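Q: I want to read salt bridges in a model. Please take me through them one at a time.

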Amino acid sequence: MRYFLVFTSAFFLCAIFWIVLVFAQSKNPTKTSQWIYDVYEKKLDIASKIEGRKIVLVSGSNAMFGVDSKMIESAFGIPTVNLGVNAGIEPPLIFYLAKKVIKRGDIVVMPLEYNMYLYDGEVAMHAIDYILSREPWFFWDLSLKEKFYLLWKIDLKRVLEGYFDKSTSKVRGYLFGYEKIDDKGDQIQSSIKDREEIYFNNIFTEAEDYANEFKKKDSLGFEYLKDFSKWAKENGVTIYVVPTTILVNDRYLKEDRWFYESISDILRESNIEFVGNVFDYMYEKKYYFDTNYHLVSEAREFRTKKLIEDLKEHIK
């Protein structure tokens with residue numbers, strides 16, 4: 001019994017020490033979170049300066065690379081801003097940041113990446129890094145499961161970076177960054193001629209295992225989307241979830257087809273409008289820039305034309 005008490009006491013003391021160590025460096029801006037912070041800062045500033053009703057694109061980087069906000073603005077006559085940055089910071093944080101600039105009367109278009117629907121609370125390192133260094137108070141909005149995973153997954157290296165590798169200098173000369181974002185929040189310098197061979201060769205061409213992951217997981221992603229939809233309705237905001245783009249694979253069209261078709265059904269059961277056919281937004285490898293979600297600018301144009309066509313009966 002004595003040894004058990006000693007072990008238990010030592011465990012709790014170590015746990016408390018670790019938690020204090022983690023939170024004592026929170027709000028310290030890290031180099032690893034800098035580029036995402038830079039891009040969000042620019043995009044949120046663009047959105048905050050728009051007066052009146054606007055269209056806001058909310059998702060990860062598939063929208064940043066793959067939607068032409070100027071075309072949408074021209075088609076609907078409504079100022080448009082692209083808030084897509086990085087799906088790796090996870091749905092709760094993405095929705096939280098978007099709420100900062102979404103106002104009554106706005107229209108939110110959400111081409112969410114498939115991994116966002118499957119988010120199960122196991123917070124990724126991009127999200128952990130960003131929350132602790134840029135939005136530490138958001139930690140308390142997370143579920144108990146998410147809080148646990150954040151404290152469990154963060155490693156000593158990242159904690160020490162928070163103490164000794166701080167940075168507030170904007171990231172320059174990087175594939176992603178505020179320099180590569182135009183005045184609508186879209187990625188620039190992502191045409192076929194800008195695509196280096198190493199980017200193209202590194203594009204993941206195998207089928208993503210989303211269908212099997214969906215069978216195994218209790219998805220918080222859908223729950224967060226439902227909560228966001230509820231918040232939108234309460235605040236006079238209209239949302240339309242639309243298909244993301246992804247590099248086509250035969251498996252998506254055949255054995256995993258049920259998963260991609262089920263997304264719209266799940267959302268409509270929760271009174272969330274899903275507009276478009278997911279299979280219309282799956283393209284060949286030649287249309288992607290550096291990942292299976294990032295389109296080259298030439299493909300952005302026809303993807304956006306299709307998006308406008310799908311939305312024209314809904315946005316007035």
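Q: Is Lys100 buried or exposed, or something in between?
A: Burial is read from relative accessible area: buried is under 20%, exposed is over 50%, and partly exposed lies in between (1.4 Å probe, protein chains only). Lys100 is partly exposed, because its relative accessibility is 38%. This is a predicted model, where local features need pLDDT of at least 70, side-chain atom pairs count only at pLDDT 80 or more, and totals for chains, interfaces and linings use all residues. Residues are numbered from 1 along each chain as its sequence is written, and side-chain values use heavy atoms, with hydrogens and water left out.

Q: Which side chain meets Lys100 in a salt bridge?
A: A salt bridge puts a side-chain nitrogen of Lys or Arg within 4 Å of a carboxyl oxygen of Asp or Glu. Here the partner is Glu135, at 2.6 Å, N to O. The pair joins distant parts of the chain, 35 residues apart. Lys100 sits in the loop between H5 and S3, Glu135 in the loop between helix H7 (125-134) and helix H8 (144-153). Helices (H or I, at least four residues) and strands (E, at least two) are DSSP runs, numbered from the N terminus. Glu135 is buried, because its relative accessible area is 14%.

Q: How many salt bridges does the structure hold?
A: It holds 19. One of them joins Asp106 and Lys54 at 2.7 Å, N to O.

Q: What separates Glu301 and Lys305 in helix H15?
A: About one helical turn, because they are four residues apart. Their side chains form a salt bridge at 3.6 Å, N to O.
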